[in-house]
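Dear colleague,

I am handing over to you the structure that follows.

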Amino acid sequence: MLLTRRPGAGPRLLGVALGLGAPRGRARAVSGARGQAWLQPEGHDTGVRVYNSLTRRKDPLIVGRADAASWYSCGPTVYDHAHLGHACSYVRFDIIRRILTRVFGYNVIMVMGITDVDDKIIHRASEMNMSPASLANLYEEEFKQDMAALKVLPPTVYVRVTETIPQIISFIEGIIANGHAYSTAQGNVYFDLQSRGDKYGKLVGVVPGPLGEPVDSDKRHASDFALWKAAKPQEVFWASPWGKGRPGWHIECSTISSLVFGSQLDIHSGGVDLAFPHHENEIAQCEAFHQCKQWGNYFLHSGHLHVKGKEEKMSKSLKNYITIKDFLKTFSPDVFRLFCMRSSYRAAIDYSDGTMLEAKHLLLVVAAFVEDARAYMKGQLVCGPIRDDVLWERLCHTQEAVKAALADDFNTPAAVDAIMDLIHHGNRQLKARTKEPGGPRSPAVFGSIVSYIKQFFETVGISLADRQLVSEDSSRATLHSVVEELVRFRLKVRQFALATEAATREAGRQQLLDRQPLLEACDTLRQDLAAHGISIKDRSSTSTWELLDHRTQDHKPGS
């Protein structure tokens with residue numbers, strides 16, 4: 001599992017962070033209303049209004065540079081397999097990153113920190129009788145493979161904690177020098193939370209009360225948190241001015257982000273459970289080190305993936321998780337991506353076979369429309385007169401609606417609804433079929449609609465590629481040629497079976513009866529190929545086919 005939460009008061013305070021009411025237990029509120037102290041940055045207005053966890057409202061997204069918007073993403077703690085709960089967050093933010101880049105034209109420089117030294121890594125490595133470094137390398141590589149399988153774009157750069165230990169030590173020394181941290185005789189270094197005064201709590205609005213520290217705790221105050229941990233026997237360690245030890249969790253991300261982006265960060269993202277204490281402590285550390293009023297300008301938090309029918313999030317500790325590899329044996333990454341787009345990235349989302357099948361069905365509806373529209377443009381699908389003016393108007397309206405939805409806090413559900421409405425209007429005209437053409441064809445409008453739909457889904461990382469592009473492997477190219485010949489031969493047999501050259505009606509009827517086994521053989525072949533993911537559709541005068549992904553195809557024979 002990839003670590004997303006540390007023990008502590010965080011769960012009690014997340015309700016406050018989300019505006020769900022006061023926390024239980026002891027806590028003290030910070031002075032002033034949230035958002036009032038937020039400083040709107042100067043720079044380039046992206047045209048997007050984004051929900052900012054710092055203000056708990058939608059703010060105009062303004063980035064420092066149009067050619068290099070800075071984005072820090074909390075990465076995994078690599079001690080076990082990644083599961084769908086992690087995948088959901090990374091896919092959602094990947095979609096946002098693609099939209100920001102490809103729709104609004106802003107280049108993103110994304111940095112992701114990899115926590116490759118941690119209590120759980122050390123414990124798991126001991127259980128598996130291997131070094132912590134080897135364990136971390138193993139699961140880091142698996143994480144990257146999982147992300148690639150889900151079509152998540154890699155960050156501009158990955159930075160490992162173990163590769164930045166000198167910089168982390170220097171960062172801690174800076175915080176101490178600025179009067180916000182202290183070392184102890186036991187070799188620990190803690191952030192002095194009281195030194196922040198009422199500046200702490202920008203995200204959650206409250207600070208934790210005492211949590212019941214061990215009797216031998218060397219903290220000045222119970223709510224102080226570790227920047228440097230003294231090494232325990234048999235643990236991995238690094239030399240430091242305070243003795244042998246290793247970094248605390250929160251200081252890692254602060255150092256890595258500052259190392260790349262300095263004292264100002266445009267966007268910081270992560271799961272909602274990271275808001276407190278992790279992101280709150282990052283803010284405190286960075287503003288103490290840089291001595292600035294505002295380090296991160298926008299904090300974006302994604303909702304949890306829940307097992308449907310339960311309020312609990314998907315997690316390893318609750319034993320209710322599905323690994324990414326196991327999931328991809330059943331559903332495609334495109335289906336999962338569309339599943340994620342059907343709700344706001346900030347919302348909790350229910351996972352079940354039913355919700356996945358709904359997403360799969362939607363993707364099949366899109367693919368079927370594209371196929372029918374292409375068949376119409378080629379003259380293979382005969383239908384009644386097309387209302388070009390209506391379709392052009394719907395296309396223009398859809399383009400405006402999608403752009404407006406994406407500019408409104410990356411509202412992908414509204415954007416998908418607009419696309420599906422356009423497909424509905426297109427299908428209504430294509431379904432009005434006749435035996436003979438009812439007038440001139442209108443390939444231009446359908447060509448424009450198909451092009452726009454493909455562009456939309458490609459923008460968010462969903463492929464509607466032609467069957468010829470299913471794979472670049474030579475065996476796939478050979479398969480394509482073989483199927484093409486087979487479908488062409490079947491078409492000739494079918495046309496022969498349906499042809500009636502007899503002079504009399506009775507003779508023609510007998511001829512059709514005699515050739516009925518040929519038609520039955522054609523139908524059987526079509527059904528058999530469907531079981532292998534090859535879908536054949538018989539048009540008025542020809543037959544078309546497509547090669548479906550086995551995870552997204554409709555498994556009904558003859559479909």
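Predicted model: local features only at pLDDT ≥ 70, side-chain atom pairs only at ≥ 80, totals over all residues.

The protein chain has 15 helices and 17 strands. Of its 559 residues, 52% are buried. Among contacts between residues at least 6 apart in sequence, 75% join residues at least 24 apart.

The largest nonpolar core has 126 residues, and Phe336 and Ile453 have the most contacts inside it. Leaving aside residues up to four places away in sequence, Ile453 touches Val366, Phe369, Ile419, Leu422, Ile423 and Leu464. There is also a second, separate core of eight residues, among them Tyr79, Ile114, Ala125 and Leu135.

Two helices that pack against each other are α5 (residues 165-177) and α7 (residues 275-290), with their axes 8 Å apart and at an angle of about 70°. Because angles of 65 to 115 degrees count as roughly perpendicular, α5 and α7 are described as roughly perpendicular to each other. On the α5 side, the contact is made by Ser170, Phe171, Gly174 and Ile175. On the α7 side, Gln285, Cys286, Ala288, Phe289 and His290 take part. By class, the contact of α5 with α7 has five nonpolar and four polar residues, with no charged ones.

Finally, helix α10 covers residues 353-377, 25 residues in total. From its first C-alpha to its last, α10 reaches 36 Å, close to the 36 Å expected at 1.5 Å a residue. After α10 comes Gly379, whose phi is positive, near 80°.

With kind regards

Terms used:
Residues numbered from 1 in each chain as written. Heavy atoms only, no water. Helix = DSSP H or I, 4+ residues; strand = E, 2+ residues; numbered from the N terminus. Expected span 1.5 Å × (residues − 1). Axes fitted to C-alpha atoms, helices over the stretch in contact; angles between N-to-C directions. Parallel < 35°, antiparallel > 145°, perpendicular 65-115°, else oblique. Contact = heavy atoms within 4.5 Å. Nonpolar A, V, L, I, M, F, W, Y, C, P; charged D, E, K, R; others polar. Core = buried A, V, L, I, M, F, W, Y, C linked by side-chain atoms within 4.5 Å. Buried < 20%, exposed > 50% of the residue type's maximum accessible area, 1.4 Å probe, protein only.
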